[in-house]
Amino acid sequence: MLGLAATSVIGPVALAAALLVSFALFARRARRLIGIVRLGQPVDRGDDVARRVGLEATVVLGQRKLFQRALPGAMHAAIFWGFLVLLTTILEAFGEVFTRHFTIPLIGRTAALGLIQDLFMTLVAVGVAIAFYIRKAQRPERFAGSHVHEADYILLWILAIVLSLWALRADRIAMELNGPPAAWMPVSNLLAPAFHGLSSGVQEALGQLFLWIHLLLILGFLTYIPYSKHLHIVASEPNVWFSNTKARGRLRPLKIDLESLEEDVSLGAATLEDLTWKEILDTYTCTECGRCQNACPAWNTGKPLSPKLLIMNLRDHVFEQGPRILDAKAAGASYEKVDLVPAVVDDEVVWSCTTCGACMQECPVDIEHVDHIVDLRRNLVMAESRFPAEAGTLLRNLESASNPWGQSQSSRADWAAGLGVRVLAPGEPAPEVLYWVGCAGSFDERARKISRAMAQVLAAAGIDFAILGPKELCTGDPARRIGNEYLFQMLAEQNVETLNGAGVRTIVASCPHCFNTLKNEYPDYGGTYEVVHHTELFSRLVREGRLALTGEVNELLTYHDPCYLGRHNEVYEEPRDVLAHVPGLRTVELPRHHERGFCCGAGGARMWMEERSGKRINIERTDEAVATGAQSVGVACPYCLIMLDDGAKARGAELKVVDVAQVLAASSGDGGGAGGSAAASPTVGPGAGA
Ligand code: SF4
Ligand code: SF4
């Protein structure tokens with residue numbers, strides 16, 4: 001009796017000890033990791049609870065972003081969903097240590113649960129097999145630089161957990177101790193004959209062996225993961241929860257107060273402690289899957305920037321430097337601060353980014369690479385005045401002339417000469433729609449054609465519109481993306497003052513960079529308007545029958561998605577919709593389109609920087625457009641127009657580059673001149689705006 005009693009308490013005591021050790025190690029590591037996250041700068045991610053619940057439901061539970069790639073998505077979902085179901089088998093295994101007949105209340109030991117468990121165990125095993133097939137047979141380039149061996153061990157560990165469970169269940173069936181009918185546990189039942197010929201004592205001993213192997217594998221897994229580079233298994237859920245719920249194109253404002261510059265103001269990220277806590281959490285979360293690297297235009301054209309390696313390098317630094325800082329702080333000691341650039345990230349890596357957002361679109365765990373890059377740039381530009389020499393011209397032009405071209409503001413409306421476009425005068429009532437022309441549309445000769453087409457189409461649709469003329473300053477997008485937050489803030493505040501003073505409510509922008517800044521970033525500076533991109537407005541006008549497209553445009557066109565219209569603001573269908581209404585026009589998709597669109601190379605202020613290594617991004621995209629056989633490439637952005645036109649010229653290709661507005665202008669006739677319905681207002685004629 002005493003012997004039996006002693007045996008029956010050994011299991012629970014051993015389990016309690018194993019649990020204690022495992023949880024203690026887990027908690028110790030978790031405390032350390034949370035401590036490091038708390039070294040980061042504040043960023044508000046506590047709002048929008050409903051959307052965050054939705055993100056957890058779709059991105060984490062639904063594996064939405066992983067399914068952007070079918071096979072790897074199915075593989076990961078099989079393992080992830082399988083493990084969720086296996087929480088019930090883990091609970092049963094723990095319970096079995098206390099009593100052989102442990103049952104989960106309500107659902108335990110039922111035929112349905114037995115079947116579901118067996119099916120999902122199979123799914124996990126199949127998922128592991130697919131993962132090995134992808135890694136060892138397909139060997140995609142995206143894994144270059146990842147810790148593939150550690151990932152292999154983790155996959156094998158997962159497989160061992162499932163195999164030990166199958167052995168345990170098969171042994172129980174052989175002993176007729178299975179709860180659900182054996183037929184409802186088909187795979188386990190298939191394995192049961194392996195134990196049939198054994199004595200009950202051996203079956204019993206094997207059962208205990210499999211049970212403890214299973215339990216120790218699970219506890220070992222729980223303990224090992226937070227110490228490994230595959231911390232994402234526990235970090236991805238909070239990282240998705242705290243991800244950005246605003247438009248992807250909005251950058252976090254710094255709101256610099258010049259008065260307080262003497263104090264310890266954070267101007268971007270110089271060291272680990274300048275990263276936000278979310279950025280530190282991002283580094284824990286990287287799965288090293290390389291999807292971001294695979295999509296990155298910089299990496300794909302031979303630049304040194306890989307968004308994956310950027311995050312991995314930052315993580316290595318966080319793991320190395322974070323504990324040192326914590327220990328030094330706990331001891332009240334001083335510690336050496338390490339500059340992230342260039343100690344962790346090379347200057348050229350920082351400057352190679354076009355902020356296209358392809359990495360963020362792909363990342364299955366919602367890492368926000370652009371925030372990292374812009375924060376590094378902010379420090380280099382504002383604290384160290386360190387940036388590529390040619391970018392200095394951009395910044396000087398913005399400071400002195402309020403536009404990147406360095407042209408006189410007085411010539412801003414020259415593009416509209418002779419079109420009868422109304423320039424909003426002080427005290428005049430705001431028009432139905434303010435046309436925000438943008439700097440490219442005002443000063444670049446090729447982009448001015450878009451502005452003229454815009455005026456023509458707006459007039460053809462009978463829209464009451466006007467422009468700000470010389471009072472329109474650069475929105476500040478290039479200043480912000482290059483890292484000069486202060487300059488951006490100055491331009492934004494002046495523009496908001498002008499727009500608010502004029503009583504503007506609705507703005508149409510033909511430049512997606514202006515559109516993004518006006519729509520998503522100006523509300524942070526007191527400017528809240530209804531902002532639409534011209535393709536959105538045209539789509540609406542065509543559908544409402546206010547814009548008649550009657551002229552035939554007989555050609556084959558391929559549409560290129562601008563990053564700041566598509567990925568950053570999810571406007572994909574409207575440009576295609578209006579093009580579909582143009583008589584005679586045929587379209588063909590580029591190989592990379594919609595969310596997968598490939599950058600033209602101009603975003604992130606790259607328009608004003610040299611591409612010193614690899615293939616030019618605009619040439620890569622031009623080659624892709626040429627290969628479609630299209631006669632023209634349609635864009636919805638003046639930057640894309642300039643970059644792809646340069647690409648076509650460099651390649652000597654017979655490829656026209658036209659904005660959607662130009663296509664519509666060709667199809668809608670001349671519209672009887674521009675200027676909308678405000679005939680009495682001052683208009684731009686030759687020399688006007690001077
Ligand atoms: S934003 Fe674009 S260019 Fe920058 S790292 Fe991401 S994918 Fe690469
Ligand atoms: S940053 Fe995201 S997409 Fe890139 S490797 Fe890490 S998890 Fe994958």
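Is helix α26 largely enclosed by the rest of the structure or exposed, and why? A few points on this predicted model.

1. Ground rules. The model is predicted, so local features need pLDDT of at least 70 and side-chain atom pairs count only at pLDDT 80 or more, while totals for chains, interfaces and linings use all residues. Numbering starts from 1 along each chain as its sequence is written, chains are lettered from A and ligands numbered from 1 in the order written, and side-chain values use heavy atoms, without hydrogens and water.

2. Helix α26. Of its 14 residues, 10 are buried, so α26 is largely enclosed by the rest of the structure. Buried here means under 20% relative accessible area (1.4 Å probe, protein chains only). Among the buried ones are Y639, L641, M643 and D645. Helices are DSSP runs (H or I, at least four residues), numbered from the N terminus. Just after α26, G652 has a positive phi of about 65°.

3. Cysteines. With a disulfide taken as a pair of cysteine sulfur atoms within 2.5 Å, the count is 0. For C474, the closest cysteine sulfur is in C439 at 4.1 Å, too far for a bond. C511 is in no disulfide either, with the sulfur of C514 3.8 Å away. Both are buried: C474 at 4% relative accessibility and C511 at 5%.

4. Ligand 1. The ligand is surrounded by 13 residues, counted when a heavy atom lies within 4 Å. C296, C353, C356, G357 and C359 are the closest. Helices α15 (358-362) and α16 (369-383) each supply at least two shell residues.

Technical notes. Buried means under 20% relative accessible area, exposed over 50%, partly exposed in between (1.4 Å probe, protein chains only).
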